[in-house]
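Trainee: Could you take me on a close look at the place where the two chains touch? I would like to see how the contact is put together, step by step.

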Number of protein chains: 2
Amino acid sequence: MSLVRTLYHFPLDPASRQVRLALAEKRLPFEDVVVRYWEQPDDFTALNPSGLTPVLVERTADRKVVVCEARAVLEHLEQVAPEPDLLGPTPADRAEVRRLQQWFDRKFDSEVNGFLLYEKLEKRLQKLGAPDLYNMRQGRDALRVHLVYIERLLQARDWLAGRYLSLADIAAASHISVLDYFGDIPWRDFPALKLWYMRIKSRPAFRALLADRWPGLAPSSYYDDLDF
Amino acid sequence: MSLVRTLYHFPLDPASRQVRLALAEKRLPFEDVVVRYWEQPDDFTALNPSGLTPVLVERTADRKVVVCEARAVLEHLEQVAPEPDLLGPTPADRAEVRRLQQWFDRKFDSEVNGFLLYEKLEKRLQKLGAPDLYNMRQGRDALRVHLVYIERLLQARDWLAGRYLSLADIAAASHISVLDYFGDIPWRDFPALKLWYMRIKSRPAFRALLADRWPGLAPSSYYDDLDF
């Protein structure tokens, strides 16, 4: 029974990146469809009424499963393709991984992306005018507070949630890599974070992300440099 | 081996309510500690660095597991106490439940609660002054769009995600019940939603929520009325 996976995603969307990384770490092949979600294409809204990427569609001869939203896809993949385990072996491990996922998906997303990515990416895509400098400043200030917290975790741990690469690293790397595309991570102030990101960046699963480019949005000069 | 569960929560927090309902549906006894999260108490921030409710602590003689954030707690409970199953039997069921959880936790939360609950609840708790009428209007307009969508789902389904009560119903009921505390649900325009909420409201698991009161914030006259 052959199964075909199709991922609907946007390359610079941190939620989409989490799913691409998880699929690649689990060595699950997939076809990908790039969605210009801000144009609200009808066929995509029919797939996911929220209009947001990512959506994973799994097709076999006799069934089709549509999984919408990153958290749903990631939990789904842990169940249907448990190796490697990206949640961790014990309830305490899984609790720590999911706590950090939530941290990035809600706290980081609203405090940092809601200002910085909104101004630098979404306003460009939607042609909403020039970035607001005050909002960018607010986003950068919040980003620094988050990076201080992540740096502290990584000074004490091999990986973000503990001893193993997990969905927490994947969440963090997805958000941080998009901000790095725009040159917004002050690497020299965060040595443990930088070392961790060098390790993540050199993983085969990360290669596709480093090749992402979006017309009109040039990446920072060191975005795809493994030794930055 | 006896296990003691303690839930740190705020009664009018939709995320906390989801965990209280899941614990009650699974008939898991727990002690509860009410957290005035906006005062950022040190002992609570030590438990959850994000400073947000809910947090579930499970203690046995030789171990302690701290589970922070609603999504982490809910997934944890499905694993340690799988009956009744609140995610559903098949991958497609679970995908639909988690899609709707995400809908409420992100889309509803930012489009509705970020305006309506912020103005009516958080500003009161934090003594930030009078509600902004423009924001309240924006939250109410967004709420109506969401209720139209939920009404459409419930016209075709027994429960929000399909044939069984699930974490999708629990997410929806948690958000809607807090807005109903403030009298903000226009019930007469949404008959299928109202019927669903009457069924939810009459479940034993819901009783504790209907007894919630917060000093200085009176509930709507029909908040705890089963026949509203």
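Mentor: Start with A:Arg106 and B:Asp109, whose side chains form a salt bridge with 3.0 Å from N to O. Keep in mind that this is a predicted model, and that the count of salt bridges between chain B and chain A is 2. If you look for polar contacts across the interface, there are 6 residue pairs, with both residues at pLDDT 80 or more.

Now ask which elements of chain B make up its side of the contact. Those that give two or more residues are strand 4 (64-68), helix 3 (70-80) and helix 4 (91-113). Helix 4 of chain B gives the most, with 12 residues. By type, the chain B side that touches chain A holds 11 nonpolar, 5 polar and 10 charged residues.

Next, step back to the whole contact, which takes 26 residues from chain B and 26 residues from chain A. Together the chains bury about 2300 Å², with 61% of that on carbon and sulfur atoms. Three arginines stand out here: B:Arg98, B:Arg99 and B:Arg106 supply 20% of the area that chain B buries against chain A, more than any other three residues.

Finally, see how the two copies are related. Chain B is superposed on chain A by a rotation of 180° with 0.0 Å of shift along the axis, at an RMSD of 0.0 Å. This is the relation of a two-fold axis. B:Arg106 turns up again here, as its C-alpha is the one in chain B nearest the axis, 3.9 Å from it. Both copies use the same surface, and 100% of the contact residues of chain B recur in chain A.

Definitions and conventions:
Residues are numbered from 1 along each chain as its sequence is written. Chains are lettered from A and ligands numbered from 1 in the order in which they are written. This is a predicted model: local features need pLDDT of at least 70, side-chain atom pairs count only at pLDDT 80 or more; totals for chains, interfaces and linings use all residues. Side-chain values use heavy atoms; hydrogens and water are left out. Copies are superposed by least squares on the C-alpha atoms of residues with pLDDT of at least 70 in both. Contact means heavy atoms within 4.5 Å. Buried area is the accessible area (1.4 Å probe) that two parts lose on being put together, summed over both. A salt bridge is a side-chain nitrogen of Lys or Arg within 4 Å of a carboxyl oxygen of Asp or Glu. A polar contact is a pair of N or O atoms within 3.5 Å; within protein, one must be able to donate a hydrogen and the other to accept it, and residues adjacent in sequence count only if both atoms are side-chain atoms. Helices (H or I, at least four residues) and strands (E, at least two) are DSSP runs, numbered from the N terminus. Ala, Val, Leu, Ile, Met, Phe, Trp, Tyr, Cys and Pro count as nonpolar, Asp, Glu, Lys and Arg as charged, and the others, Gly among them, as polar.
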